[in-house]
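Here are my notes on this model, as numbered points. Have the structure open while you read, and start with the question just below it.

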Amino acid sequence: MSASDRPAGRRAPGIVVAVVAALALAVVVFAAWAGTVMMGERPAAIAAWRDDAVTIEPLGDGRFDAFREGLVITPDDPSGEGLVFLPGARVDPAAYLWKLSGVAAESGLTIVVPRPAWNLAFFDARPASAYTALVPGIERWWLGGHSLGGVRACQLADGPDASDAGVVGLILFGSYCANDLSQTDLAVLTLAGEFDGLSTPEEIAAAAGNLPPASTTVLLPGLNHAAFGDYGVQSGDGAATVESDTARREIAEAVARFTAASAG
């Protein structure tokens, strides 16, 4: 009897086993891919730790690998406002330490950088309030992020709990909103890198219709996509023409000007 002549009931178990095995393999491959993150460059992280203008603490409970959950950057002169900053896809939160410590020191923002589920913000179902609750005592919050982290921040800003969580606006690094926020009263700052090859200035401009009319976009000369963090070269990106310290200063000054102008 040929395989085609066998009863369908006899073939079914083999098909099920094959499907389950393929799905299991896909899960393993995805888990390995998502778990391979772009780590922060050590010199930049050390410089952030040595910055006397900020304090860096883990979101964890202080046990081994407490930074697994993310980190909090607290400025010595806090403004009373906070920023939840979602990392780009498969980028370690610590890769933003140097740039965001500059933002915290210049603007006074207390910055929460959580590690998303699977290192991909899109797979993290937590609402905005789950992030803002991580640092009690702050009533006015900004949501933001880099690349796909910024796209997810836009979604959270339109969530049912955003207003109650104290969300007043968005701060996007090399990112843009895919959902329509044009009818909201959110204050939005978008920082675009001149040589960003992954979220190009043209793509950011094309998506501007999803933002409230009074939104602000700042083009930062010389920055590429990876220059918003410190994690090395990223495939498909352009080449930065400024040093990391220069990029840090430009980012920090742009955010500080914007939040000061938007102060309630």
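Which residues of H3 are buried?

1. The buried residues of H3 are Leu-97, Trp-98, Lys-99, Leu-100, Ser-101, Gly-102, Val-103, Ala-104 and Ser-107. Buried here means under 20% relative accessible area, with exposed over 50% and partly exposed in between (1.4 Å probe, protein chains only). That makes nine of the 11 residues of H3, so the helix is largely enclosed by the rest of the structure. Helices (H or I, at least four residues) and strands (E, at least two) are DSSP runs, numbered from the N terminus.

2. A word on what you are looking at. This is a predicted model, in which local features need pLDDT of at least 70 and side-chain atom pairs count only at pLDDT 80 or more, while totals for chains, interfaces and linings use all residues. Residues are numbered from 1 along each chain as its sequence is written, and side-chain values use heavy atoms, with hydrogens and water left out.

3. How confident is the predictor? The mean pLDDT (the predictor's confidence in each residue, from 0 to 100) of the protein chain is 88, and 83% of its residues reach 70 or more. Residues 23-35 have a pLDDT below 50, and beyond near neighbours in sequence this stretch has 11 contacts in the model. A contact means heavy atoms within 4.5 Å. Where pLDDT is low, the predicted coordinates should not be read in detail.

4. The overall picture: the protein chain has seven helices and eight strands. Of its 264 residues, 48% count as buried. Among contacts with a separation of 6 or more, 74% are between residues 24 or more positions apart. The accessible surface (Shrake-Rupley method with a 1.4 Å probe; for residues, only the protein chains shown count as cover) comes to about 12,600 Å², and carbon and sulfur atoms account for 57% of that.

5. Now the charged pairs. The whole structure holds five salt bridges, each being a side-chain nitrogen of Lys or Arg within 4 Å of a carboxyl oxygen of Asp or Glu. One of them joins Glu-81 and Arg-140, at 2.6 Å from N to O. Glu-81 sits in strand S3 (residues 81-86) and Arg-140 in strand S5 (residues 140-146), so this pair ties together parts that are 59 residues apart in sequence. Both Glu-81 and Arg-140 are buried.

6. Another salt bridge links Asp-92 and Arg-115, at 2.9 Å from N to O. Asp-92 is in the loop between S3 and helix H3 (97-107), and Arg-115 is in the loop between strand S4 (110-114) and helix H4 (128-132), so parts 23 residues apart in sequence are tied together. Asp-92 is buried at 7% relative accessible area, whereas Arg-115 is partly exposed at 21%. Arg-126 and Asp-124 also form a salt bridge, with their closest N and O atoms 2.6 Å apart; Arg-126 is partly exposed at 30%, and Asp-124 is buried at 5%.

7. Have a look at helix H2 (residues 42-49) too, where Ala-44, Ala-45 and Ala-48 are buried. These three cover an arc of only 100° around the axis, which puts them on the same side of H2; the arc is that of the directions from the helix axis to the C-beta atoms. Arg-42 and Pro-43 are exposed, on the face of H2 turned away from its buried side. The cover over the buried residues of H2 includes strand S1 (54-58) and H3.

8. Cys-154 belongs to helix H5 (residues 148-157) and is buried, at 0% relative accessibility. Leaving out residues up to four places away in sequence, Cys-154 touches Leu-170, Leu-172, Tyr-176, Cys-177, Asn-179 and Leu-181.

9. Two backbone spots to check: Arg-90, in the loop between S3 and H3, has a positive phi near 60° although it is not glycine. Ser-147, in the loop between S5 and H5, also has a positive phi near 60°. Arg-90 is buried at 19%, and Ser-147 is buried at 16%.
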